[in-house]
Amino acid sequence: MNPPVLAFNFLPVRFSADDFKGGLIEFESPEQLADLRAKLGDSHVVAKTRTNIACIPVQADTDVYGTPTTFRTRDHRSLTMRLVQEALLRSVLGWGYKVRRLSPPAFVSRLAGRDLLEPSVRGRRQEALGRLHVYPEYRLDSRTIGPSNHPGVIVGVKSRYEIDMTVDELIHQGLDVRGRYVLSEDAASTRDPRMDHHAARQAVGAVDHVDGTDLVLRDAPGVTRISASNAWLESRRETFDDVVRALAGADSSRILKELDQKTFDLLGAFGRYEGAVSIASRLERLGQLQVAGDLSVAIEPPVGSSSGRKVSGTYYQSPTFQFDQAGDKTSRSPDRGLDEYGPFDVEFFAKKKPRIAVITPRAHKGVVENFLFKFLHGIQGERTFGLGFIRKYHLSGCDVSLHPFDGATTDANAYREACRRALLSGDIDLAIVITSEDQAHLTGDNSPYLVAKSAFMGQGVPVQDVRVETVRLGKLAHPLNSIALACYAKLGGIPFVIAAPRSLTHELVIGIGSAHVKESRLTAPERVVGITTVFSADGNYLLSNTSREADYDDYPRELLRSLTECIDAIKIRNAWQKGDELRLIFHVFKPLKDIEAAAVKELVERLTRTYAKVEFAFVHVSTDHDWAMFDRASAGVNRGASGRAKGHYVPERGHAVPIGQRELLVAVSGPMDLKSALHGAPKPLLLKLHRHSTFTDIEYLGRQAFRFTAMSWRNMYPSRIPVTILYSDLIAELLGQLRHVRNWNADAVATKLRSSRWFL
């Protein structure tokens with residue numbers, strides 16, 4: 001393997017001077033700030049500092065507004081990079097683009113030759129498909145620091161699908177628009193001349209039915225009826241593809257296949273890298289970019305490019321999986337380790353012959369029986385899941401009872417009655433419920449999936465749902481392997497653990513994730529937070545059983561209660577002594593505000609009365625960012641008959657690069673993890689350490705978070721985020737949805753299901 005040559009979509013900047021001049025005004029209110037921006041927007045950059053408002057003239061000959069002040073670029077990095085971002089916006093507008101977003105500036109390139117769809121529809125299809133477009137959309141986001149330890153600009157890119165035909169025109173082309181979401185423009189709003197006209201189109205609802213020339217809408221918070229000639233289809237990829245099929249007919253398969261290739265050329269790792277180089281070259285050709293008065297910046301090539309600043313990183317080895325308490329049975333692969341040694345708790349797992357109830361529509365009884373036989377006894381001749389559930393997890397057997405019912409896969413009442421009959425038939429350790437993709441859009445009491453979860457889990461029985469589409473697959477080895485793993489964990493088993501570094505400090509890792517629970521697309525979401533706790537004991541990371549959910553507004557209080565309960569339990573279990581040192585590491589789904597950190601500080605102050613030293617770290621774990629990491633030495637893997645390698649320019653899983661002292665990028669998906677040769681560039685994991693943290697070893701925290709991406713008991717493959725956040729998100733989403741099912745017994749999660757990983 002060639003040594004990696006890491007590169008990024010980050011363009012460092014160099015300032016022409018060490019300071020710049022402007023005015024300061026005392027901050028009084030947000031309205032004051034808005035008024036100043038409206039008044040001075042053409043001549044100044046107006047930005048809030050911690051306690052004041054800075055008014056920085058763009059031109060050197062512009063009068064200073066406020067108390068004259070000299071700002072040093074080194075001491076006012078956030079303000080300085082705000083000036084850079086405003087200068088980038090002026091450049092984009094100067095190039096002739098309209099923007100979809102002002103801050104950070106985002107723009108769509110509709111220049112000739114940039115439409116990814118156009119080459120595939122030239123000639124006879126041009127008239128029918130000429131008003132469908134796929135353009136590159138770029139975003140330029142200034143940052144105070146990057147992988148080079150310099151300030152600079154992130155170049156983000158994505159594809160923008162646009163359907164410029166009105167719904168009325170599409171109806172006349174024979175497209176069934178029922179159930180599809182539509183966009184409309186607010187005629188009363190004043191349009192900013194700098195904004196792209198497409199940005200004014202907002203989703204207003206889904207089409208329930210067509211009434212003459214009008215669309216009657218559902219899930220419509222505002223208007224419930226709109227003219228079809230004043231509406232456009234929301235251009236999500238699946239909708240866009242349906243429109244292409246309707247307009248292109250038999251030629252649509254070729255067109256969409258070619259579009260997939262063109263989209264990959266833009267969004268694949270190599271394409272993203274080339275795009276960043278191209279943007280940098282264009283900005284370099286402009287010369288020095290004036291940002292304020294006499295201050296200007298020079299834009300450099302991307303970090304790690306052939307002419308850019310060099311950067312080095314660290315490579316994290318994949319963790320070792322452990323299958324016994326002594327640490328003698330280990331493997332680099334959880335699957336191979338389970339086949340060779342059995343699960344971690346094989347000596348003390350109690351349910352050696354679990355009772356499993358299977359709920360299925362009678363119409364699928366035959367294929368479900370075949371599926372269950374393969375689940376229990378394995379697939380003969382297959383390396384993956386050849387042992388089956390019973391032998392792989394060292395069980396003595398399984399008592400399986402099938403409960404078929406008359407009803408469709410969308411009949412929630414039929415599912416509820418079948419679950420009730422199964423519960424009356426005797427004790428159950430696990431329920432397997434056959435669902436379908438047809439019910440995926442249903443919520444609350446209308447969802448067979450949620451109704452079945454509520455019925456069984458309310459009585460302390462964990463549920464594994466399996467879609468009938470999965471049951472019918474010809475190749476079942478890998479799906480069955482993941483289902484068996486989750487089932488064992490739901491039964492209370494510990495399939496495997498990963499080794500934790502030995503330390504003199506007791507350590508708890510707490511994951512705080514979230515979910516937006518909505519009845520429908522456009523209804524106001526209910527924000528639910530999930531909390532999980534992972535602790536280190538005897539050199540292993542183990543999942544605590546105090547996982548739960550809370551309303552967003554209540555989660556600091558629930559976090560405090562959960563932590564106190566968890567620490568008290570583990571203190572007794574591990575015989576912690578007065579004077580021991582304790583470390584709390586929080587993985588959070590969003591940057592913690594100071595008021596939220598106060599809840600944890602309160603607990604820390606309470607704990608310091610018992611323990612000699614308590615330190616903590618708040619780590620924001622994010623995949624919602626524009627960072628991209630490349631390896632220019634990576635040729636990819638698995639070059640097939642098509643001649644295309646998978647993962648060209650994609651770095652191996654485990655490469656980590658710091659961004660300053662408090663941020664870290666970690667590659668969590670390598671070339672082998674991509675689904676196909678046309679898979680887009682995977683996002684690295686971004687870790688941000690809160691400034692109030694007292695434990696600040698970002699390298700240690702990065703290695704730990706990386707290990708946790710391999711600890712999932714949901715399937716045999718590493719996840720894109722640590723299980724601390726993954727599990728918390730799953731808890732929040734499922735319990736948030738179950739709140740809307742009648743007779744749901746939430747107490748069962750903290751009592752009867754306490755030993756089950758029911759959320760997997």
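## Charges over rings

The charged end of Arg583 sits over the ring of Tyr700, 5.4 Å from its centre. Lys48 does likewise with Phe27, lying over the ring face at 4.6 Å from the centre. Here a charge sits over a ring if NZ of Lys or CZ of Arg is within 6 Å of the ring centre and within 35 degrees of the ring normal.

A word on the model: it is predicted, so local features need pLDDT of at least 70 and side-chain atom pairs count only at pLDDT 80 or more, while totals for chains, interfaces and linings use all residues. Residues are numbered from 1 along each chain as its sequence is written, and side-chain values use heavy atoms, leaving out hydrogens and water.

## Aromatic pairs

The structure holds 25 aromatic pairs, meaning rings of Phe, Tyr and Trp (its six-membered ring) with centres within 6.5 Å; planes under 30 degrees apart are stacked, over 60 edge-to-face, and the rest tilted. The pair Trp95 and Phe107 is edge-to-face, because the centres are 6.3 Å apart and the planes stand at 75°. Trp95 belongs to the loop between helix H2 (77–94) and strand S7 (99–101), and Phe107 to strand S8 (residues 106–108), 12 residues apart. Helices (H or I, at least four residues) and strands (E, at least two) are DSSP runs numbered from the N terminus. Both Trp95 and Phe107 are buried (under 20% relative accessible area, 1.4 Å probe, protein chains only).

Tyr393 and Tyr488 are stacked, with 4.8 Å centre to centre and 25° between the planes. Tyr393 lies in the loop between helix H10 (388–392) and strand S22 (399–405) and Tyr488 in helix H14 (residues 477–490), so the pair ties together parts 95 residues apart in sequence. Tyr393 and Tyr488 are both buried.

## An aromatic cluster

Phe321, Phe323, Tyr341, Phe496 and Trp713 come together in one aromatic cluster.

Key. Buried means under 20% relative accessible area, exposed over 50%, partly exposed in between (1.4 Å probe, protein chains only).
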